[in-house]
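I opened my notebook for a look through this one, helices to start with, then a sheet, then the aromatic rings.

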Amino acid sequence: MENESPHSRAQEMDLETVKQDLVSREFLAVVLAGFGNELQPLTGDYGEEPSPKALLPVANKPMIEYLLSWIEQSGIKDVLLICPAIHRPALYHHIHSDVSSSNLNVDLQTYDETVESSVGTCTLLRHFTHRIKEDFVLLSCDFIAPPSLPLSTLLNQFRADSGSNGSIATTCWYATNSPEKASSPEEWGPAAPPMSIVWDDASGTLLHIDTADDLDQNPDDLELRMSLLSKARPRYPRVRLSSNFQDSHIYVCRHSILDAILEKKSLESFREEFLPWLCKVQYQKLKRKKYGHVLYPEAYAQSSQTTALQHSTLLTFGATDNSVLSPASETEAEVTASLKVGIVLHRADTGFAIRVHDLHSYVEVNRRSLSTANYTLPTDPKNRALIDQKALISTDTIIGDSTKVSERTVIKKSIIGRHCIIGRMVTIVGCILLDHCVIEDGAKIDGSVLGKNTKIGSRALLTRCVTQAGYEVRAGDSVKNEKLEASDWTAAGEITESDGDTSSENESNGA
């Protein structure tokens, strides 16, 4: 080794680099970052500035950072991040800023979409097929996993199933979280309804997923399940049914799934349409025969070769009897791959997992983060000096950098963002304030979520409300159980101003 030349050492380093590149290309992470309509008005535009769902903070950390860290820890290094075109500048700036701790290679791509006209996941995958050359992991930007559920668990399950019996996908479902009683009002919109799934416990195979159409067309859930079980039971004897799990929207997929999506052009939604269809291919013979060669072409090629060899009169089998193989039966000629859709179930007692896809889940994940916060105040002396010593702040509170808290203010069980200004004698209990909020003297806020740049006037009372970025509550106003959008506030201001002008005209005419 002492006589090793620089050239040989360089070759060794190059080989190591090649090995690392090959590992990183085993899977591509395809991350979808949509508008987040169910998180309105928090994701509503602030003037001409959009508020991307992916950058919505959870415990003062952009939501997408949790997912990118989860991906990076699994060993995946390449990410295809797909977002609406209007969100590109904000996401690009974040990815290339000091705020992001990710070392991933992020390929940021956009699509034309508005809040009113949504584009289905299958449509997006068809459009970006040319950028996906390997097996891939499809992820939604809103999933936050606990340390007990590493992404490598799903990847390893997919590797094992794909290598042993021809699996084509692995899904992840987490236990339904029971939110704190009355943690968010019904006026904020309904919580996501439970969806039932059917799976085989012995083989870890997902067999059926309820969809919204299933619930509308089959109000008698038991009848639907019994029909399914009669078809699936011969292959899957230990079938179970439950509505206690939610879809994480994390799917590890064979590259050939893209070919099936290209062929099934009528399907728009991956979760509502394509995945339920994929489950049926496992146990419905006609679907297996029609689409097996698309989903697992290697198995079909192998099956064809085996059949040809079995029909050959020159092929002998076994050294003892030298008997000629009989022609293969239809069963033997069928596809050997299982076309399995695997399932990984994450139990509630092993860690808190959640999809932050609506206001209820957004409040819940932030509330849960406070249980481990342990009095998180700015550590920098300059930022710490902005918090008055006479302010009362509970130990289950998080306060961001550059936030000013004035004297005799009380803050409990809350998350306060960065660059906020909290006035004197303010009371904030059980709230989430995003960056740059201003709370004037004497205001009281309880159980509310304030979008960035929200302003609450002096002595105003806000109870269980959520505001769009830039909303203003006037001094002395009292609001309860409302979703406050900037357009409503602007319209109210215009009406008030108009009324004033009209009354002035009337007075002039009367004079």
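My entries follow, and I keep in mind that the model is predicted.

**Helix 3.** I began by asking which residues of helix 3 are buried. In residues 88-95, I found Leu 91, His 94 and Ile 95. These three cover an arc of only 95° around the axis, which puts them on the same side of helix 3. I then turned to the face pointing away from that buried side, and there I noted the exposed residues Pro 89 and His 93. For the packing partners of the buried residues I wrote down strand 3 (61-62), helix 2 (63-73), strand 4 (78-84) and strand 5 (105-111).

**Helix 13.** Next I looked at residues 359-370, to see how the length of helix 13 fits its residue count. At 1.5 Å a residue the twelve residues should span 16 Å, and the end C-alpha atoms are 17 Å apart, which agrees. Helix 13 is mostly covered, with ten of its twelve residues buried. Among them I listed Leu 359, Tyr 362, Val 363, Glu 364 and Leu 370.

I traced five strands in the order 19-22-25-28-31, with parallel pairing. Strand 19 (404-405) and strand 31 (472-473) are the edges, each pairing on one side only. Further in, I checked strand 22 (residues 421-422) against strand 25 (residues 438-439) and found two bridges joining them. Across from Ile 421 I marked Val 438.

**Aromatic pairs.** My count came to eight aromatic pairs. One of these is Phe 27 with Phe 158: the ring centres are 5.9 Å apart and the planes stand at 65°, so I logged the pair as edge-to-face. The two are 131 residues apart, with Phe 27 in the loop between helix 1 (6-24) and strand 1 (28-32), and Phe 158 in helix 5 (residues 151-165). Phe 27 has 3% relative accessibility and counts as buried; Phe 158, at 2%, counts as buried too.

I moved on to Phe 274 and Trp 277, whose ring centres are 5.5 Å apart with planes at 35°, so this pair is tilted. Both lie in helix 9 (residues 270-281), three residues apart, about one turn of the helix.

**Charges over rings.** Last, I looked for charged ends over rings. Lys 61 lies over the face of Tyr 66, 4.5 Å from the ring centre. The charged end of Arg 254 sits over the ring of Tyr 296, at 3.9 Å from its centre.

Technical notes:
Residues are numbered from 1 along each chain as its sequence is written. This is a predicted model: local features need pLDDT of at least 70, side-chain atom pairs count only at pLDDT 80 or more; totals for chains, interfaces and linings use all residues. Side-chain values use heavy atoms; hydrogens and water are left out. Buried means under 20% relative accessible area, exposed over 50%, partly exposed in between (1.4 Å probe, protein chains only). Helices (H or I, at least four residues) and strands (E, at least two) are DSSP runs, numbered from the N terminus. The arc is that of the directions from the helix axis to the C-beta atoms. Contact means heavy atoms within 4.5 Å. The expected span of a helix is 1.5 Å times one less than its number of residues. Two strands pair if DSSP finds at least two bridges between them. Rings of Phe, Tyr and Trp (its six-membered ring) pair if their centres lie within 6.5 Å; planes under 30 degrees apart count as stacked, over 60 as edge-to-face and the rest as tilted. A charge sits over a ring if NZ of Lys or CZ of Arg is within 6 Å of the ring centre and within 35 degrees of the ring normal.
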